[in-house]
Structure formats: structure tokens, C-alpha cells
Amino acid sequence: LSCSFAVHVACLEAGVAFKLRRVDRKTKRLEDGSDYRAIAPQAIVPAIRLPDGGVLTETAAVLQYIADLAPAKSLAPRWGTPERYRLIEWIHFVSTELHKKHLFMVFSSKTPDAVKAFASTTAAPPLAYVARHLDDAATPYLLGKDFTVADAYLFWALLVAPYGGIKIDAYPSLGAYVDRIRERASVKEALRVEYPLYVAEMGTPAQVTTASASS
């Protein structure tokens with residue numbers, strides 16, 4: 001249930017063949033004992049191996065790469081269109097204004113309590129911005145009628161936010177958005193795989209029961 005969850009969903013939506021690898025958050029080791037930092041020096045997820053043997057990191061880049069593997073799925077608009085740049089805009093909004101500025105702060109074990117409190121109590125402006133967009137556009141997804149990789153990323157952010165103390169109850173359109181996307185087969189499958197791993201590591205099943213109830 002880290003941000004790589006969005007990439008997991010994107011892979012399922014795209015119908016591409018993939019293999020998940022587990023990384024121990026504390027030791028940075030893979031299941032075979034090898035050092036993940038030898039693959040991704042920053043030791044962050046997601047990271048994918050490309051056909052040429054290279055490794056691609058950063059959620060914004062990986063999501064678009066996955067989308068472009070399956071253009072018929074409409075997970076990203078075509079390059080060169082105004083809609084593609086709207087997709088990029090939304091992905092980076094989630095990355096900077098929600099993920100790194102708030103979610104990372106409240107979930108990181110290294111964040112001081114005062115910073116956690118600040119991050120959880122100052123998330124209203126970006127949440128309100130997304131809610132207004134969904135209200136004004138009156139469409140099921142960020143870019144309109146099609147689910148895109150930007151929605152996979154935003155869904156993850158809104159799904160986990162309440163469990164870090166960032167409430168979305170004041171924004172009905174955000175709650176409806178989460179409920180709507182949670183019903184997608186890709187999301188149900190990703191939760192089926194990742195939720196037990198989260199419980200095994202964190203030992204707090206009650207904390208995420210509501211979020212995974214539909215899986």
C-alpha cells in the first residue's frame with residue numbers, strides 16, 4: 001500500500017505481464033536477500049526493469065510508461081495533445097501537493113510529531129482543489145469519462161490519507177470518487193495482494209479494514 005500501489009493498478013489495467021518484487025522497508029532487501037539499492041540507489045519504489053535492462057523510477061514516469069504500453073486502454077491521452085499535458089499536470093499535482101507534502105510526512109517513521117501534525121492539518125487546500133474539479137467537471141474521472149493512470153495515483157492518495165489523520169469526509173465528491181474506483185477489478189485485485197502484506201508488516205488490520213472492505 002505504498003505509492004507503488006498505483007503502478008500495480010496501472011499494470012493490471014493495461015493488461016501487461018509483470019512480476020511483483022517485495023522490498024523490506026527497513027532492510028532494503030529483496031526476498032532473495034539481495035540489496036535493493038543495487039537496483040534503485042535511492043531505495044524508493046516504484047522501480048521497473050525495462051526491456052533494454054535499464055531501470056525506470058519515479059511514479060510519474062513509471063505510470064506514463066505503463067500507460068503507453070497499452071494505448072488502446074486509454075490510460076493516458078496521446079502525446080502532443082492538450083489532454084496529455086493535463087494528465088501530466090494531475091500526476092505531478094498528486095505527487096507534489098498531496099504525496100510528498102502531506103502523505104509522506106504523516107506516514108514516515110522519521111517525521112517528528114509536530115511535522116506530522118502540521119502535514120495532517122494543512123492538507124485541506126489541495127483536497128478542496130480536487131473536490132472542486134470533480135464537482136465542476138461532473139465527470140467520473142480526472143480527465144473525463146476515461147480512467148487514467150492519474151486516477152490510479154489519486155485514488156491511492158485518497159485511500160490512505162485518512163489512516164494518516166488526513167480526513168476527506170468534508171468532501172463528498174472525494175468519498176464518492178474513492179468508492180467508485182474501489183469497485184474496479186484492477187483495484188480489487190491489487191488490494192487482494194497488497195492488503196495482507198500490509199497487515200503482516202504493520203500488524204494493524206483494523207486500521208485499513210474499511211478501505212479494503214470491497215476487495
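Q: What makes the separation of Glu189 and Arg192 about one helical turn?
A: In this predicted model, Glu189 and Arg192 are three residues apart in helix H8, so about one helical turn separates them.

Q: Why is the pairing of Glu189 with Arg192 called a salt bridge?
A: The closest N and O atoms of Glu189 and Arg192 are 2.8 Å apart. The criterion asks for a side-chain nitrogen of Lys or Arg within 4 Å of a carboxyl oxygen of Asp or Glu, so the label applies.

Q: Is Glu189 buried, exposed or partly exposed, and what value shows this?
A: Glu189 has a relative accessible area of 28%. Buried requires under 20% and exposed over 50%, so the value falls in between and Glu189 is partly exposed.

Q: How do you know that Glu13 and Arg184 form a salt bridge?
A: Their side chains meet at 2.8 Å, N to O, and the cut-off is 4 Å, so the pair qualifies. A search of the whole structure finds eleven salt bridges.

Q: What makes the pair Glu13 and Arg184 a tie between parts of the chain?
A: Glu13 lies in helix H1 (residues 4-14), whereas Arg184 lies in the loop between helix H7 (172-182) and helix H8 (185-202), so the pair ties together parts that are 171 residues apart in sequence.

Q: Why does Glu13 count as buried, and why does Arg184 count as partly exposed?
A: Glu13 has 15% relative accessibility, which is under the 20% limit, so Glu13 counts as buried. Arg184 has 22%, which lies between 20% and 50%, so Arg184 counts as partly exposed.

Q: How do you know whether Asp32 is buried or exposed?
A: The relative accessible area of Asp32 is 56%, over the 50% limit, so Asp32 is exposed. Arg21, at 42%, lies between the limits and is therefore partly exposed.

Q: Why does Thr59 count as buried?
A: Thr59, found in helix H2 (residues 59-69), has 7% relative accessibility; this is under 20%, so Thr59 counts as buried. Leaving aside neighbours within four places in sequence, Thr59 is in contact with Cys3, Pro46 and Tyr153.

Conventions: Residues are numbered from 1 along each chain as its sequence is written. This is a predicted model: local features need pLDDT of at least 70, side-chain atom pairs count only at pLDDT 80 or more; totals for chains, interfaces and linings use all residues. Side-chain values use heavy atoms; hydrogens and water are left out. Helices (H or I, at least four residues) and strands (E, at least two) are DSSP runs, numbered from the N terminus. Buried means under 20% relative accessible area, exposed over 50%, partly exposed in between (1.4 Å probe, protein chains only). Contact means heavy atoms within 4.5 Å.
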